[in-house]
Structure formats: C-alpha cells, structure tokens
Amino acid sequence: MGKEALFRPALDHLDEQDMVGVAHWCDNGETELDLRPTEDRDKAIEVLTETIKPISFHIGGNSDAVGGG
C-alpha cells in the first residue's frame, strides 16, 4: 500500500492505442475480471490498488478451510 505510483512507468511505456485490464485469481479457485480492457491508465491503477489491497485473515473454527463461503 502507498506504492501505487510504481505501476505508472509500466503503463506509460504502452502505445496510445494499447488497452489495459485487470483480472485476478486466488488459490481457492476464485477468479474475477476487475476491469474490462480500457485506455484509461488511471482507472487501471485505481482498480489494481483496490484489488491488491491487503485483507484481514481471521483464523478460527476450521483454520484449514480456504475461501470462506
């Protein structure tokens, strides 16, 4: 967190007509298309920031279970 600007150089090297999107997948098999292809580099950084934000992980009950549900 707080280092989102590090994405900017990679996106600035793209050609003007290049599009970017954001997708993620998790160890539990969950997949998500977070941002459909767009030319908006700022939106890509915004969505990346939200997508990789740390989440709380609470151990309890069946601590071997993955993904909740």
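This is a predicted model: local features need pLDDT of at least 70, side-chain atom pairs count only at pLDDT 80 or more; totals for chains, interfaces and linings use all residues.
Residues are numbered from 1 along each chain as its sequence is written, and side-chain values use heavy atoms, with hydrogens and water left out.

The largest nonpolar core comprises seven residues, namely Leu11, Val20, Val22, Leu35, Ala44, Ile45 and Val47. Such a core is a set of buried Ala, Val, Leu, Ile, Met, Phe, Trp, Tyr and Cys residues joined through side-chain atoms within 4.5 Å. Buried denotes under 20% relative accessible area, exposed over 50%, and partly exposed the range in between (1.4 Å probe, protein chains only). Two or more residues of this core are contributed by strand S1 (20–25) and by helix H2 (41–51). Helix H2 supplies the largest share, three residues. These elements are DSSP runs numbered from the N terminus, helices being H or I with at least four residues and strands being E with at least two.

Four salt bridges are present in the structure, each defined as a side-chain nitrogen of Lys or Arg within 4 Å of a carboxyl oxygen of Asp or Glu. One of them joins the side chains of Arg8 and Asp12, with an N to O distance of 3.8 Å. Both residues belong to helix H1 (residues 8–12), where they are four residues apart, about one turn of the helix. Arg8 is partly exposed, at 26% relative accessibility. The side chain of Arg8 also forms a salt bridge with that of Asp42, at 2.3 Å from N to O. Because Arg8 lies in helix H1 and Asp42 in helix H2, this pair ties together parts that are 34 residues apart in sequence.

A further salt bridge links Lys43 and Glu46, whose closest N and O atoms are 3.2 Å apart. The two residues are three residues apart in helix H2, a separation of about one helical turn. Lys43 is partly exposed, with a relative accessible area of 32%, and Glu46 is likewise partly exposed, at 47%. Through salt bridges that share partners, Arg8, Asp12 and Asp42 are joined into one network.
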